[in-house]
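Have the sequence open alongside.

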Amino acid sequence: MQIADHSLTARQHLLVSLCAGLAIVPHALHVPLPISLFLILLFVWRLAALRYPQFQPGRWLLVLTTLGGVILTFSQYHTLIGRDAGVGLLTVMMMLKILEVRKRQDLYVAVFISYFVIITHFLFDQSMVMALYLFSVMVCLTALLIEINRIKPSATTLEPFVRTAIITLQAIPIAIVLFVIFPRLNQPLWNLGIGSSGTTGLSDRVTPGQIAELIESPEVAFRVSFDREVPPVEQRYWRGLVIWDTDGLSWFNRKEQVVERHIQLKAHGEHSYEVFLEAHQKRWLYALDLPVSSKQNFRLSQDIILQRREPVRQSLTYQVRSSTEQQNRVVLPGMLQRALELPDNVTQRQFELVEGWRSSATTSREIVDLALAHFNSQPFVYTLTPPRYLDNPIDQFLFDTQEGFCEHYATSFAQLMRIAGIPTRLVLGYQGGEFNELGDYYIIRQYDAHAWTEVWLEESGWLRVDPTAAVAPERIRFQLRNDFGAEGSPAMFQLDELGLVGSSLRRFAHMLDNANIQWRRWIIGYSREHQFSLMRNFGFDTLTPLQWSLITIGLISIPLLLIALRLVLSGKKQPLPEIVAYNQYCKKLARLGISRKTYEGPMDYAKRAIAERPDLTASISRITALYIRLRYGPKADKSQTKKLLQQVKQFRPGRQKPGT
Amino acid sequence: MTRSSLYRWFRQFRRQAQPDTQGGVTVKARSIYILPTKQGLLLAVVLLAMLVGSINYGSNLGYLATFLLGGIWITSILHTWRNLLGLRLQPQHVDSVFAGESADFCLSLINPSNLDRFAITLKQKKNFGDSLDIPNNEQLPIHLPLVSKKRGLFKLPQITLHTTYPLGLFHAWTYAEIDLNCLVYPKPAERGKPPVTESYTKSNSGDRGVGSDDFVGLRTFRTGDSPKQIDWKAYARQQGLLSKQFGGDRHVEITLDWDLIAEQEPERRLSLLCRFILQQEELRHAYAMKIPGLSIACGLGSAHMQKCLSALARYGIADADR
């Protein structure tokens with residue numbers, strides 16, 4: 001066999017097609033259906049061509065197919081650039097390349113494109129499972145490269161994987177060094193035009209019924225790990241968005257929220273915590289009541305919500321200190337007027353209801369209490385599947401059906417308070433959270449989404465009032481469970497009576513989630529800020545490019561030197577015992593004048609030795625057979641080696657042939 | 001700069017492994033060259049594209065994958081280097097040939113370490129030889145057939161040991177100077193009758209020349225044979241006319257003499273002498289040889305022939321080579 005011989009075996013052809021197929025599968029699941037079908041067609045075509053070579057497309061057919069692929073991609077995306085269309089085009093081109101792999105060179109190109117395709121998956125899915133899957137595909141591709149670089153095929157399938165594992169393990173320190181110190185940019189190199197994808201999360205418009213969709217989703221919104229003291233569950237209101245305006249149907253903000261950079265909160269934070277936020281495509285960040293300080297340079301809106309300049313497109317980690325005791329007395333001009341505006345469809349019976357409270361109460365606080373008592377005493381039902389409200393949801397909810405969930409309670413309570421002349425605003429966010437003992441943090445899921453209100457009282461500033469708690473205190477104190485009954489049936493709450501199976505299942509789920517958050521914290525969430533604080537720990541404030549390069553080179557050369565040392569030493573280890581024994585045997589024969597020629601294999605040598613000393617036939621052939629079995633046969637156990645050592649030890653040929 | 005001039009420029013820096021006392025070469029760490037292959041460069045470009053993509057999308061997993069592959073890229077340098085390191089090329093033997101024939105240089109490639117080696121290629125100039133996998137503590141015979149051009153000592157040219165294992169991203173090579181020489185005899189000239197000086201000496205074995213002393217055998221009658229020679233007894237036995245042949249007791253010694261050859265050009269003379277030696281061997285006629293500075297006594301047989309041919313091969317070549 002020659003290196004100039006570029007032919008590949010049929011098995012290698014099949015393997016490269018399969019590996020590339022594995023690399024592309026996750027894309028095939030989310031590209032438009034026609035492209036998926038086209039990819040499958042190409043793949044099947046390739047397999048058929050491997051089996052029946054007459055199906056292998058000629059040059060012109062390939063050109064036509066390529067054109068067809070491009071046109072198909074364009075027809076699906078109406079463009080060929082950008083993330084989605086680019087990926088679509090890449091998958092099509094890659095499959096076409098697979099189809100035409102013939103020579104060794106093509107195979108390399110196919111493997112390299114597969115590598116590239118692998119990283120494009122991370123634009124869509126950054127989960128640990130996906131990463132593990134793609135890592136395995138990468139290993140398979142690398143093993144394939146190793147296999148085609150040998151002359152004889154490996155004896156076992158495992159062998160190329162073992163070699164890949166060695167190389168990969170050695171590459172990991174280098175990868176880690178580069179990962180940690182490679183400078184991160186906050187801005188992309190060019191505008192990518194990533195549209196907001198279908199990530200679930202709170203919307204900035206509340207139309208009763210919307211949160212209900214969230215409540216069905218167990219997806220993680222964010223995770224929180226408290227430094228020390230954890231506020232009790234009934235105080236864990238994660239504020240995300242404050243809503244002021246309503247048109248009688250839905251609640252929203254007419255004006256862009258004014259972002260004040262210099263709101264000074266004279267407060268000390270009692271709770272210090274770290275939030276691992278999933279991408280939600282919005283600017284706001286979740287925090288407990290009064291976020292007084294944050295290490296990152298976030299902005300604070302007039303309604304005391306942490307905000308980022310850019311929407312959160314990737315998961316984000318941030319640290320906050322919050323005060324739950326302090327009063328929020330931030331009022332800007334016009335704010336209270338805005339919190340009193342009423343929609344046009346306020347009905348007479350609403351005014352009458354509020355008038356009743358006003359006549360019997362003297363202070364605003366009493367009115368609030370009366371309203372809460374109303375929600376509590378009337379037969380209000382907390383349900384996740386309320387009837388649909390069409391033209392005047394608040395009125396119908398308050399007086400007709402009295403079935404709804406947090407959103408209905410919060411919006412109608414806010415409207416009633418505004419009628420009573422108490423400035424009230426709606427707050428959206430999450431409430432509660434599930435504790436993960438293993439990781440010592442709280443998981444806040446989409447079904448923890450909640451809506452409540454804040455009323456302005458002269459004596460206490462903006463005060464949180466949660467009318468839902470008045471109706472269904474379990475909603476606040478216990479976790480809402482994700483198994484829903486029939487339409488209109490009351491929601492079930494998860495109490496503490498979990499069986500053994502349930503608790504161990506939950507424990508396992510927590511373990512997985514803990515692994516997940518470590519993944520988020522250290523891999524996906526690793527940011528410029530982490531990098532800077534790490535650098536500061538090592539005493540560097542800023543690095544010049546030269547310093548950076550030197551440090552990188554230095555840190556990479558350490559593992560490289562260690563690998564080189566290991567590689568050199570591993571060849572110089574003690575030779576295998578069977579070889580030592582055999583060499584001893586050769587030496588013993590050489591003393592009789594029968595020395596082994598360098599070109600002689602053990603068999604030929606044995607033949608020659610037996611011809612010269614027929615009296616030693618038995619021992620020579622025994623030793624030779626044993627040696628050959630140990631050296632070239634399937635893996636033998638240690639007793640065989642021991643036997644050989646013994647045989648050689650006992651091999652004491654006399655100088656003269658007996659009888660001469 | 002053209003490819004060949006670049007090659008020449010590069011040559012000035014090169015170190016090659018010199019043969020040790022056994023004439024072989026062990027590949028040392030510092031005599032290995034390593035450069036990316038076309039595929040290695042291609043992967044570097046792909047990695048760069050991956051890096052740009054990762055920067056642009058700020059994808060940490062993209063970074064991680066890119067750096068992991070980059071790490072593999074770098075690590076494979078060491079593995080390719082290791083695949084050559086410590087290998088040994090040991091000269092075995094080479095049979096003498098006539099100029100223009102292919103000399104079969106026999107070497108052994110030895111892997112004295114406990115690591116298996118893969119896809120080791122022996123290259124001589126642009127000729128790729130075999131690619132071999134060599135298991136640990138193993139040796140493999142190598143045959144390098146090389147066409148000899150002119151008579152004299154044909155030194156095994158520099159050999160390149162070459163590998164791209166494990167990933168084909170880098171090729172490592174080393175130049176090995178092996179001490180193995182093939183003695184190349186002159187190319188035999190066309191057949192012809194040697195101009196010889198014959199000297200006659202008495203010999204018990206005699207020869208088949210024409211004489212009258214000893215009976216050597218019978219042959220069919222030819223016109224001109226003396227009637228005394230006819231074996232009449234055989235004729236009486238109806239065996240036809242046969243002539244008795246007699247050989248002399250003298251021995252005709254043929255000396256192939258440099259000075260007797262009409263041609264002037266030395267190489268031509270050597271070629272002619274070479275041919276005559278071969279002819280004599282075919283005829284099984286003993287011969288002596290005389291060339292300037294050396295005369296070889298009369299003899300016959302392969303040892304004698306080799307002696308004579310070697311003398312021709314070495315004619316005019318400084319002894320320093322041997």
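**A helix pair, a buried helix and an interface**

The crossing of α19(A) and α21(A) is left-handed (the near helix is turned anticlockwise from the far one by less than a right angle; clockwise would be right-handed). This is a predicted model, where local features need pLDDT of at least 70, side-chain atom pairs count only at pLDDT 80 or more, and totals for chains, interfaces and linings use all residues. Residues are numbered from 1 along each chain as its sequence is written, while chains are lettered from A and ligands numbered from 1 in the order in which they are written. Helices (H or I, at least four residues) and strands (E, at least two) are DSSP runs, numbered from the N terminus.

Back to that pair: α19 (residues 577-591) and α21 (residues 617-632) of chain A pack at about 155°, with axes 10 Å apart (lines fitted to C-alpha atoms over the stretch in contact, angles running from 0 to 180 degrees between N-to-C directions). That makes α19(A) roughly antiparallel to α21(A), a label for angles over 145 degrees.

Now look at helix α12 (residues 393-401) of chain A, whose buried residues are Pro393(A), Ile394(A), Gln396(A), Phe397(A) and Leu398(A); buried is 20 or more other C-beta atoms within 10 Å of a residue's own, with C-beta atoms placed from the backbone. They pack against α10 (348-360), β12 (403-404) and α13 (406-419) of chain A. Just after α12(A), Gln402(A) has a positive phi of about 55°.

Finally, 55 residues of chain A are in contact with 56 of chain B (C-beta atoms, placed from the backbone, within 7 Å). Helix α7(A) gives the largest share of chain A's side, 10 residues.

Key. Angles under 35 degrees count as roughly parallel, over 145 as roughly antiparallel, 65 to 115 as roughly perpendicular and the rest as oblique. A residue is buried if 20 or more other C-beta atoms lie within 10 Å of its own, exposed if 12 or fewer, and partly exposed in between; C-beta atoms are placed from the backbone. Two residues are in contact if their C-beta atoms, placed from the backbone, lie within 7 Å.
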